[in-house]
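Subject: Structure handover and notes

Dear colleague,

I am passing on the structure below, and after it you will find my notes on what turned up. Please read them alongside the coordinates.

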Amino acid sequence: MNEGMVFGGRAACFLPIILVLCLTRNSNILPVAEAIWLTIPSSGTKCVSEEIQSNVVVLGDYYVIDENNPDHIPTISARVTSPFGNNLHHNENATHGQFAFTTSESGNYLACFWKDGSFQKDSELTLGVDWKTGIAAKDWESVAKKEKIEGVELVLRRLQGIVETIRGNLIYLRDREADMREVSEATNARVAWFSIMSLGVCIAVSVLQIWYLKRYFVKKKLI
């Protein structure tokens, strides 16, 4: 009985180490940022958006790809705006660019791209957008060099950051759900009061109609 308990305790202690080693060997388990490929039309704008919380670091890198004519790549214009419409990044006549900022409010952050006027008649082009937020935007190589950590300890730090990010997202979703519930309850209350008022107005109009018709018939000596 005691030997089984000791063996179970040792196994429980080794489980986190085994998990970390598996995560180290299979880096695909850890979330990584991947590039987004956009097709920019000959006329018009192509946008990409993401809902981000406040106080989150955002890094972006975009570049034009033209395999048919690599020596004469068309230029584009780019603009990144906040949920309130504030310009966070603006670039014109560029084949590539970068933007970096820390969000000041929660909501949808929008990045739009379009071809410059001198290339409006050309065909569509491909744009690569590398959009990183939160834990994905953190430079772990610099952290490892600065704090002199590596291997399992570095993986644990990354896992800690991922867990904190997930926890923050859950708290944000919970707050959003509470706000939406309050708005829904307030709307339901207003609709209920409006229905009661409408019913009261209908009853009052019906009573006035009956009173008027009765008075009219009495005056005409019809009843």
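Which residue's side chain meets that of Arg174 in a salt bridge? It is Asp175, with 3.9 Å from N to O, where a salt bridge is a side-chain nitrogen of Lys or Arg within 4 Å of a carboxyl oxygen of Asp or Glu.

Before going further, please note that this is a predicted model, in which local features need pLDDT of at least 70 and side-chain atom pairs count only at pLDDT 80 or more, while totals for chains, interfaces and linings use all residues. Residues are numbered from 1 along each chain as its sequence is written, and side-chain values use heavy atoms, with hydrogens and water left out.

Overall fold

The chain has three helices and eight strands, where helices (H or I, at least four residues) and strands (E, at least two) are DSSP runs numbered from the N terminus. Read from the N terminus, the order of elements is α-β-β-β-β-β-β-β-β-α-α. Of the 223 residues, 23% count as buried; here buried means under 20% relative accessible area, exposed means over 50%, and partly exposed lies in between, with a 1.4 Å probe and protein chains only. Among contacts (heavy atoms within 4.5 Å) with a separation of 6 or more, 73% are between residues 24 or more positions apart.

Salt bridges

By the rule given above, the count comes to three salt bridges. Side chains of opposite charge can pair when their charged atoms come close. In the pair already mentioned, Arg174 is exposed because its relative accessible area is 54%, whereas Asp175, at 37%, counts as partly exposed.

A further salt bridge joins Arg176 to Glu51, with the closest N and O atoms 2.2 Å apart. This pair links distant parts of the chain, since Arg176 belongs to helix α3 (residues 152-219) and Glu51 to strand β2 (residues 46-52), 125 residues apart. Arg176 is partly exposed at 32% relative accessible area, and Glu51 is partly exposed at 41%.

The side chains of Arg181 and Glu177 also meet in a salt bridge, at 2.7 Å from N to O. These two residues are four apart in helix α3, so about one helical turn separates them. Arg181 has 39% relative accessibility and is therefore partly exposed, as is Glu177 at 42%.

One aromatic cluster is formed by Tyr62, Phe99, Phe101, Tyr109, Phe113 and Trp131.

The loop between β6 and β7

Two residues in the loop between β6 (96-102) and β7 (107-115) deserve a look, one being Ser104 and the other Thr103. Thr103 is buried, because its relative accessible area is 2%, whereas Ser104 counts as exposed at 59%.

The side chain of Thr103 makes polar contacts (a pair of N or O atoms within 3.5 Å; within protein, one must be able to donate a hydrogen and the other to accept it, and residues adjacent in sequence count only if both atoms are side-chain atoms), reaching the backbone oxygen of Gln53 at 2.6 Å and the backbone nitrogen of Val56 at 2.9 Å. Leaving aside neighbours within four places in sequence, Thr103 is in contact with Ile52, Gln53, Ser54, Asn55, Val56, Val58 and Tyr109.

Ser104, not counting residues up to four places away in sequence, touches Ser54 and Tyr109. The side chains of Ser104 and Glu105 are joined by a polar contact of 2.6 Å.

Annotated segment

The unreviewed UniProt entry places the feature "transmembrane region" at residues 191-213; UniProt positions are given in the numbering used here, feature names are shortened, and annotations may be inferred rather than shown by experiment. In the model, this span is 100% helix and 0% strand, with its end C-alpha atoms 33 Å apart.

Kind regards

How values were computed
Phe/Tyr/Trp six-rings, centres within 6.5 Å; stacked < 30°, edge-to-face > 60°.
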